[in-house]
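Please work through the exercises below with the sequence and the structure at hand. Each task is followed by a solution in steps.

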Amino acid sequence: MIPEKVFERILVLGEGWRVASVDYLEQEQKVVIRVEDTAALWKSEKCPHCARQTVRGYDHAPERRWRHLNVCQLQSEIASALPRGECVECEKVFTVRAPWEGRSRGLTQEFEAFALTLMREMPVSKAGEILGETDQKLWRALFAHVAAAWSELSWDNVAWVGADEMNRKKGHNYLTVFVDLEAKRVLLAVEGKDAAVWERFAEELGRHNGHPKAIRQVAIDMSPAYRKGVAEYFGNAQIVYDKFHVTSQVTEAVEEVRRKETRTDPVAREHLEKTSWLWRKNPESWTEQESQRWEQLSGKPLVTGLAYAMRLQLQKAYATWDVAEARRRFQEWCAWVRAEASAMTADLLEPMRKAAAMVERHLEGILGHWKEGLTTAFLEGLNSLFSATKRKARGYRSSEYQIAMLYFVAGKLQIPYYG
């Protein structure tokens, strides 16, 4: 079988096109597949202006080339002078779109699909090195596919939503990321972290067949701006404070106790030296060295140790499946922390007392996910997702790159998208 026939089958061109030649350009170390139209093309071609099937050949545009998948480790290109047609009815002239053309100019669909596969697994710059293409050309392809697929998403079944902030770069540059907690997918990312981002989310819900009144629960941190935004635009939704943000604040309170105790007690300072990460982890996550350090500290009258025990006890409140039992455990925990803080002459446990007050103020929201079984596990894992998207989009400061990568990695989009 001659090479031209082989490539016609590989490219699935149909009867309207044929491979005229396959040439190896030794100097460029490149394979060029030349494709031309046949008379059969006009039997099925429609006018893009009036949609009538009354078109005929007019002339040909100048030759163009499209990067294709490698052939025997050699770069390959498809070359073609695309035909132009004329509509008999509306008399308009148009250029026929190549069936192999991707969403990005100069790339075939097969090449785009392979490039997108690589970009899911590694930074775009690394994918560019492997493919021998520029970062910007690959980003253009990614942007085109993400935009097309994201615009076609339906959010009609979205009822449980989570929102978290993503630090885009050093300083106060934030994105607010909205996620569907049932489908475990990123819905929307917008710049800022004020109440206005909720208005934007409400608008996008309408564009994607959803409705703000359909949102039953919203999982957020305790930001006043987020609470205001939910109240203004999602009045039917119950606010839920996810476990990650609650326990994070208590963990920070433990660290503040450690710092206070280190500053005020020379003996404690010696015991607590280089133990910051010990108190931030759960015992099952300790390294062998950290476990040994814990054994050395056991029995020492450290207030930090008491604060750490309080944090672990709070986590046990999350272990129950019953909302009434959870409420009892949280209330008992708050009472215990207040009693211990009041019993101390020094104010070393003041950060924990404040943490208990925070839990009491937001208790109804904390208990929210027990009431309908809402799980915020996907929301709690967003930090690792944010880190991954930052690595893949590194070198590009514009938020557009990180947003596109968020949708690409976690939006559950149909990509490549040629619908």
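Predicted model: local features only at pLDDT ≥ 70, side-chain atom pairs only at ≥ 80, totals over all residues.

**Exercise 1. The three-stranded sheet**

Task: Describe the open sheet formed by three strands, including its order and the sense of its pairing.

Solution. Step 1: the strands follow one another as β3-β6-β7, with antiparallel pairing. Step 2: β3 (55–60) and β7 are the edge strands, each pairing on one side only. Step 4: five bridges join β3 and β6 in the antiparallel sense.

**Exercise 2. Salt bridges across the sequence**

Task: For the salt bridges of lysine 30, arginine 64 and arginine 67, identify the partner and the parts of the chain that are tied together.

Solution. Step 1: the side chain of lysine 30 forms a salt bridge with that of glutamate 77, at 3.2 Å from N to O. Lysine 30 belongs to strand β2 (residues 30–37) and glutamate 77 to strand β5, so this pair ties together parts 47 residues apart in sequence. Both lysine 30 and glutamate 77 are buried.

Step 1: arginine 64 meets glutamate 101 in a salt bridge of 2.6 Å, N to O. Because arginine 64 lies in strand β4 and glutamate 101 in the loop between β7 and α3, the pair ties together parts that are 37 residues apart in sequence. Glutamate 101 has a relative accessible area of 11%; the cut-off for a buried residue is under 20%, and glutamate 101 is therefore buried.

Step 2: arginine 67 pairs with glutamate 133, and their closest N and O atoms are 2.8 Å apart. Arginine 67 is in strand β4 and glutamate 133 is in the loop between α4 and α5, so parts 66 residues apart in sequence are tied together. Both of these residues, arginine 67 and glutamate 133, are buried.

Step 3: through shared partners, salt bridges join Asp23, Glu28, Lys30, Arg34, Glu63, Arg65 and Glu77 into one network. The count of salt bridges in the model comes to 29.

**Exercise 3. The buried face of α4**

Task: Which residues of helix α4 are buried, and why can they be said to line one face of the helix?

Solution. Step 1: in α4 (residues 124–131) the buried residues are Val124, Ala127, Gly128 and Leu131. Step 2: viewed down the helix axis, these residues fall within an arc of 105 degrees, so they line one face of α4. Step 3: their packing partners are β4 (64–71), β5 (74–80), α3 (109–121), α5 (135–151), α18 (382–392) and α19 (399–410). Step 4: glycine 132 follows α4 and has a positive phi, near 70 degrees.

**Exercise 4. Lysine 92**

Task: Is lysine 92 buried, partly exposed or exposed, and where is its place in the chain?

Solution. Step 1: lysine 92 is in the loop between β6 (83–87) and β7 (93–95). Step 2: its relative accessibility is 44%, so lysine 92 counts as partly exposed. Step 3: with neighbours within four places in sequence left aside, lysine 92 is in contact with His49, Gly85, Glu86 and Cys87.

**Exercise 5. The nonpolar cores**

Task: How many residues has the largest nonpolar core, and which have the most contacts inside it?

Solution. Step 1: the largest nonpolar core has 107 residues, and Trp198, Phe201, Phe330, Trp333 and Met352 have the most contacts inside it. Step 2: beyond four places in sequence, the contacts of phenylalanine 330 include Leu314, Tyr318, Leu363 and Trp370. Step 3: another core lies apart from the largest one and has 20 residues, among them Val19, Trp42, Leu82 and Phe94.

Terms used
Residues numbered from 1 in each chain as written. Heavy atoms only, no water. Buried < 20%, exposed > 50% of the residue type's maximum accessible area, 1.4 Å probe, protein only. Helix = DSSP H or I, 4+ residues; strand = E, 2+ residues; numbered from the N terminus. Arc of directions from axis to C-beta. Contact = heavy atoms within 4.5 Å. Pairing = 2+ DSSP bridges. Salt bridge = Lys/Arg side-chain N within 4 Å of Asp/Glu carboxyl O. Core = buried A, V, L, I, M, F, W, Y, C linked by side-chain atoms within 4.5 Å.
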